[in-house]
Amino acid sequence: MKILMIGDIYAKAGRKALEEYLPFIMKKYQIQFVVANGENTSHGKSILRKHYEELKALQVDVITSGNHIFKNPEVPKYIEEVDDLLKPLNMNPYTPGSGTVVKKVGNKTIRVTNLIGRSFMDPADNPHYALEKIVAEDNSDLHLVDFHAEASAEKLALAWNFDGKITCLVGTHTHVQTTDNRILPNGTAYITDLGMCGSYNSIIGANPEEVILKEKTGLPSRFQPAEDLDNLIFSGIILETDNVDNSVIKIDRILITPDNQDKYR
């Protein structure tokens, strides 16, 4: 089976990157299941219902999220009406929505679990404990985990702790794709961060001007999504698993920029 996992979709440019490249990637690589992190989909924070529908129309099967998921007041109103938009499982339990879901693809069951880190992030429950409870009860064929976290060591620790117990753990949140994609000793696929989809000429999706102002002067600055829609970036991984024993065969990075975009059209 071939699975595509897509990094943080940032605002209008991120949505355009999916619209422009996703159909081609799905056809070229014969993708059977798509997971995308959508917590920055609407103007850089959260995901409006109309943008959720846009991603579904592009055949995204499950949308994961992170610390910004509830920044838009629409989300609490519809997240429990759908089963394929996840909040982090270890987020405050009083927030609505689910942090894990099982989907059927052909004769395979695929669980997707969304977790959030605790280092340099808002308060959250222990992700190891949260995932441990799910794994103990899980009998799905494949288990994909999106760990939305800041610290690379925290992501690595979770992956190593569950090596051989889950199919794949991918990091999101930093918006910068790492080059450490690998299969751990007991068979779990791993990458520290998938990267992002959005404007290439940006600072992790935002206009450079506002970010520079804050970093240079320390003055308050409201970040705005970069609006360069002609130069896009699309980041993620393609995971291939064995159809017989469900083991991971390989995990390959995909990174589309203006320098190589012609290969994906």
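Gln30 is exposed, at 58% relative accessibility, where exposed means over 50% relative accessible area, buried under 20% and partly exposed in between (1.4 Å probe, protein chains only). Gln30 has a positive phi of about 55° although it is not a glycine. This is a predicted model, in which local features need pLDDT of at least 70 and side-chain atom pairs count only at pLDDT 80 or more, while totals for chains, interfaces and linings use all residues. Residues are numbered from 1 along each chain as its sequence is written, and side-chain values use heavy atoms, with hydrogens and water left out.

**Positive phi in loops**

- Gln30 belongs to the loop between H1 and E3; helices (H or I, at least four residues) and strands (E, at least two) are DSSP runs, numbered from the N terminus.
- Ser46, in the loop between E3 and H2, also has a positive phi, near 70°, and is a residue other than glycine.
- Ser46 is buried, with a relative accessible area of 0%.

- An unreviewed UniProt entry lists Asp8, Glu39, Asn40 and His175 under "binding site"; UniProt positions are given in the numbering used here, feature names are shortened, and annotations may be inferred rather than shown by experiment.
- These residues gather at one spot, because no two of their C-alpha atoms are more than 11.7 Å apart although they span 168 residues in sequence.
- Glu39, Asn40 and His175 from this set belong to the lining of the largest pocket. On a 1 Å grid over the protein atoms alone, a pocket is an open set of points with protein on both sides within 12 Å along at least five of seven lines, a 1.4 Å probe that fits but cannot get out marks a cavity instead, and lining residues have an atom within 4 Å of a point.
- Asp8 is in strand E2 (residues 8–9) and is buried, at 0% relative accessibility.
- Beyond its neighbours within four places in sequence, Asp8 is in contact with residues including Asn37, Glu39, Asn40, His148 and His175; contact means heavy atoms within 4.5 Å.
- A polar atom of the Asp8 side chain lies 3.3 Å from the backbone nitrogen of His173.
- Asn40 lies in the loop between strand E3 (33–37) and helix H2 (49–57) and is buried, at 2% relative accessibility.
- A polar atom of the Asn40 side chain lies 2.8 Å from the backbone oxygen of Gly44.
- Leaving aside neighbours within four places in sequence, the contacts of Asn40 include Asp8, Tyr10, Lys45, Ser46 and His175.

- Glu39 is in the loop between E3 and H2 and is buried, with a relative accessible area of 1%.
- Not counting residues up to four places away in sequence, Glu39 touches, among others, Asp8, Ser46, Asn67, His148 and His173.
- His173 is in the loop between E8 and strand E9 (182–183) and counts as buried at 14% relative accessibility.
- Leaving aside neighbours within four places in sequence, the contacts of His173 include Asp8, Glu39, Asn67, His148 and Asp193.

**Strand E8**

- In strand E8 (residues 168–172), 5 of its 5 residues are buried.
- Cys168, Val170 and Thr172 point one way from E8, and Leu169 and Gly171 the other way.
- In a regular strand the side chains alternate between the two faces of the sheet.
- Strand E7 (residues 142–148) runs parallel to E8 and is joined to it by 5 bridges; two strands pair if DSSP finds at least two bridges between them.
- Leu144 has Cys168 as its bridge partner in E8.

- Val248, in strand E13, counts as buried at 14% relative accessibility.
- Val248 and Leu142 are 106 residues apart in sequence and 9.6 Å apart in space, C-alpha to C-alpha.

Technical notes. Polar contact = N/O pair within 3.5 Å; in protein donor to acceptor, adjacent residues only side chain to side chain.
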